[in-house]
Amino acid sequence: MTTGQAISPNLALDDYVARRRAAGDDLVHLGFGEARLPVPEPLHRILTRGARRNAYGPVAGAPAAREAVAGYFGRRRLPTAAEQVVLAPGSKPLLMAIGLAVPGDVLLPRPCWNSYAPQARLAGKHVFGVPIPEECGGVPEPAALRRTLHAARAAGHDPRIVVLTLPDNPTGTLAPPGLIREIGALAEEEDLLIVSDEIYRDLVHDPARPVLSPAEVAPARTVVTTGLSKSLALGGWRIGAARFPAGPRGEAVRDGVVSVASDMWSTLAGPMQEVAEYVYDEPADIRRELAARARLHGTVARAVYDAVTAVGARCRPPTGGFYVYPDLEPLRERLASRAVTDSASLHRHLLAEYGVVVLAGHHLGDDPGALRFKAATSMLYGHTAEEQRETLAAADPLGLPQVRRQVDWIAQSFAKLAG
Ligand SMILES: Cc1ncc(COP(=O)(O)O)c(C=O)c1O
């Protein structure tokens, strides 16, 4: 069986940029969903303390770490027992294990994060993409979801899982509570399991914006995944967690995931359990750190949003995470004169003419003929840990040369492209 691609397109792109930069090329890299920020200071000490944890320990995670994650969810209106939590080396393997443990095909928002579809195919599932609403991404448009579901069933398929991303990668938006309630009700009616990927939850830009998890409206049928790769830029430390519903259905899914884990990764690395326990308890230093990061991501995502919309691109205003997802359809005629006619040629043109690296929309399940791409704005904080630290601490990050230069570069590139 094959997923049809050798390596995830985003990882391949990041390798490519690293090689070009090593060869001396200057590029603006918006093609990889990583928060280029340093490890929060207190975690150096916690990780060192965790170095003595060399035993495997329980597959689902050490009791104290699971308890800490349960507390994290409890503070987000999701009362949780430690038994409902499973920790893992990243949320990606957890999402894969859910796909292996739960039978049936998968409904995905279109566009969506580039690993959901290959993972579903690896698990032998059919994938059905459903367009996202005008206002936000991360959820399928409800009426289209129902239509797609019924058509798939009529064609003999068996969709039983819908994946939501809240806030969303790639659109950088958070679906509003009303929409979550609609999807929750539809999942109840149609007997779907909701997988709610909330890895960006702590990066909602405006702390006053209401966040509703589908686990609040459809508690018996929602699995929530989360992790520290985005909120604290710890992707390389590989810390993820899942919260399974209380009750028999949730327990069956959890047991299936733990069974997959026991044969695949055994457990989260011991030192990382120490880190998870500390972070998910959310001491004041971690809360401050999260708030500062969410603020920075919002400021820079909005600056890139301003740059692309200034030349006539359509784009949903970013509200969470660190992405924008522009649509250059209004510029189609002008772009056609430069042989830019689809998302692949747009990606190539931006790279070749302006040294701007983006992830083309078709890698995210979007229509290959559309002129859409994802830009990860979290890559603009500086090239060294020192610059990144300074960016994070700055009252006006856009005033710093390491950020300003790249934001200006983007603005000028799009001005030329549209000119
Ligand atoms: C929406 C989404 N979910 C999950 C992941 C996987 O994160 P990790 O495996 O590092 O927890 C990512 C990372 O790019 C993501 O953007």
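About 560 Å³ of space lies in the largest pocket. A pocket is an open set of points on a 1 Å grid over the protein atoms alone, with protein on both sides within 12 Å along at least five of seven lines, and lining residues have an atom within 4 Å of a point. This is a predicted model, in which local features need pLDDT of at least 70 and side-chain atom pairs count only at pLDDT 80 or more, whereas totals for chains, interfaces and linings use all residues. Residues are numbered from 1 along each chain as its sequence is written.

**Largest pocket**
- The lining comprises 32 residues, and those nearest the centre are Gly33, Ser229, Lys230, Gly235 and Arg238.
- Helices α1 (9-22) and α4 (91-101) are the elements that give two or more residues to this lining; helices are DSSP runs of H or I with at least four residues, and strands are runs of E with at least two.
- Domain 1 (9-39 + 285-418) and domain 2 (42-281) each supply at least three lining residues.

**Second largest pocket**
- This pocket holds about 450 Å³ of space.
- Its lining has 17 residues, with Arg76, Arg201, Asp202, Val204 and Pro207 closest to the centre.
- The second largest pocket lies between domain 1 (9-39 + 285-418) and domain 2 (42-281), because both give residues to its lining.

**Sheet**
- Three strands form an open sheet in the order β9-β12-β11, with antiparallel pairing; strands pair if DSSP finds at least two bridges between them.
- The edge strands, β9 (323-324) and β11 (359-360), each pair on one side only.
- Two bridges join β11 to β12 (residues 373-376), and Ala360 stands opposite Phe373 in β12.

Technical notes: Side-chain values use heavy atoms; hydrogens and water are left out. On a 1 Å grid over the protein atoms alone, a cavity is a set of points where a 1.4 Å probe fits but cannot get out, and a pocket is an open set with protein on both sides within 12 Å along at least five of seven lines; lining residues have an atom within 4 Å of a point. Grid points are joined across faces, edges and corners, and a volume is the space filled by probe spheres set on the points. Domain bounds come from an automatic or database domain assignment.
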